[in-house]
Amino acid sequence: MMLSAFGIGLSSPAMLDIKLLRESPQAVQAAIARKKFQVDWETILALDARRRTLISEAEQAKALQNAANKEMAGAPKGTPEFLAKVAEMKAASAKVKELEKAAGEADEAFHKLCLTIPNMPAADVPDGRTEANNREVSAWGDAAALVSPHAVAHWDLPWFNSLVDFARGAKVAGAGFPFYVGDMARLVRALIQFFLEEARAAGYREVLSPLLVNTSSATATGQLPDKEGQMYHDPAEALYLIPTAEVPVTNFYRDEILAEEQLPLKCCCHTPCFRREAGSWGAHVRGLNRLHQFDKVELVKWVRPDSSFAELESLRDDAAHLLQKLQLPYRVLLICAGDIGFPHAKQYDLEVWAGGQKRWLEVSSCSNFTDFQARRAGIRYRAKNGKLETLHTLNGSALGLPRVLAAILENNAQADGSVLIPDALRPWYGDGCLGTAQNA
């Protein structure tokens, strides 16, 4: 899927390779039709044809203008021949301006529509329209052995509302913005530290990113225009609170050329994440299951195109490794074409078993965007043969904190209502239980 920008226009639209779309329109449209997004192909192709015609006509008019100018320069000033060439040159100049203006308008309209074209799903992504069509590809952990017989929904733990204070969070900010209090705050910090240290050990370089991004950054990774309604936005400053660290970190190399020898590059980043859309009401979004603000450690990769799908498997393993160390049963789903996101080519979701709720909770999405984000962001690499190529980007949650925390609280609940802290977190949390008389 080598999808390059083209050079005949007045700008370079961030989209699939227009040459590919012109030569194989049915194949491209059929691939994208597997996803849930609607694209106005007729208008896009018509605008492309119009802009190409206008550009060609503008180039011809420019050539006539240059010829008239050259002939005028060779004619004696003031002669009828000279005056005729002046008139001819002025007419050609006006025509050039008219055509360039029309071509620019067509190019701008074309560029805007191109941003509505999603990435094509990989060939091995299963067909389907909803999450019911997602395919389980692996599972780990025996729930009977790893989940406490005293498991309860985390919001039913007797001390939960004192250590995760939704009421005061709603007073200060609004629903979906809880305070973590006392040892719960310490447990959150321990989880973040654990995630980051494991990522560092796996070869990811840690970065600490801005929490606000500009329009160019959000467009480059595909949040705009697709997810504009789900992002907190300051229109006065044209800035967006990040929905995930994927956005600022991927843009770290925007409009840069890397050396092939640098690839693959791997970074990890902890940030809070902000999302306006928090889903419907009900038990499945109760407690920590879905929030407007939550912490997450993100893994991001920039890789050569020929290795990106192997890198996706490695990325998935890096996220799964954390769940194994936390002794949380999980399953891996290959997401169907109709359920993957706008910029995604292939996506795995990792879901943990929450023993109190007796349901699966998604805690990580690991995705390959192929060259989609890199083209929009202008990230390229210089191959060893000197040629400039567009690289591939990937990212994965390792991990999203609230649902991991929910599973830990439920699966490790004890008879007295306390929660046993997983061994993997003890270097940062210490020994003991959460929710005892000493820390509740």
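How many aromatic pairs does the structure hold? I counted 10 aromatic pairs, where rings of Phe, Tyr and Trp (its six-membered ring) pair if their centres lie within 6.5 Å, and planes under 30 degrees apart count as stacked, over 60 as edge-to-face and the rest as tilted.

**Ground rules.** I am working with a predicted model, in which local features need pLDDT of at least 70 and side-chain atom pairs count only at pLDDT 80 or more, while totals for chains, interfaces and linings use all residues. Residues are numbered from 1 along each chain as its sequence is written, and side-chain values use heavy atoms, with hydrogens and water left out.

**Overall.** I looked up the secondary structure and found 14 helices and 18 strands; helices (H or I, at least four residues) and strands (E, at least two) are DSSP runs, numbered from the N terminus. The C-alpha atoms fill a box of roughly 105 × 45 × 40 Å along the principal axes. Of the 440 residues, 52% are buried; buried means under 20% relative accessible area, exposed over 50%, and partly exposed in between (1.4 Å probe, protein chains only). I also checked contacts (heavy atoms within 4.5 Å). Among those between residues at least 6 apart in sequence, 74% join residues at least 24 apart.

**Ring pairs.** I began with Phe-252 and Tyr-253. Their ring centres are 4.9 Å apart and their planes stand at 90°, so I noted the pair as edge-to-face. Phe-252 counts as partly exposed because its relative accessibility is 46%, and Tyr-253 is buried at 8%. Next I took Phe-342 and Phe-372, with centres 5.9 Å apart and planes at 75°, so this pair is edge-to-face. Phe-342 lies in the loop between strand S11 (330–334) and strand S12 (346–354), and Phe-372 in helix H12 (residues 372–377), so the pair ties together parts 30 residues apart in sequence. I found both Phe-342 and Phe-372 buried.

**Charges over rings.** I then looked for NZ of Lys or CZ of Arg within 6 Å of a ring centre and within 35 degrees of the ring normal. Arg-186 lies over the face of Tyr-429, 4.0 Å from the ring centre. Lys-266 lies over the face of Tyr-204, at 4.5 Å.

**Helix H2.** Which residues of H2 are buried? In H2 (residues 25–33) I listed Val-28, Ala-31 and Ile-32. They are on the same side of H2 because they cover an arc of only 90° around the axis, taken from the directions from the helix axis to the C-beta atoms. On the other side, Gln-26 and Ala-33 are exposed. The cover over the buried residues includes helix H1 (18–23) and helix H3 (41–74).

**Arg-34 and Asp-127.** I found Arg-34 in the loop between H2 and H3. Its side chain reaches the backbone oxygen of Val-125 at 2.2 Å. Not counting residues up to four places away in sequence, Arg-34 touches several residues, among them Pro-121, Gly-128 and Ala-337. Asp-127 lies in the loop between helix H4 (80–114) and strand S1 (135–140), and is exposed, with a relative accessible area of 55%. The side chains of Asp-127 and Arg-34 make a polar contact at 2.7 Å (a pair of N or O atoms within 3.5 Å; within protein, one must be able to donate a hydrogen and the other to accept it, and residues adjacent in sequence count only if both atoms are side-chain atoms).
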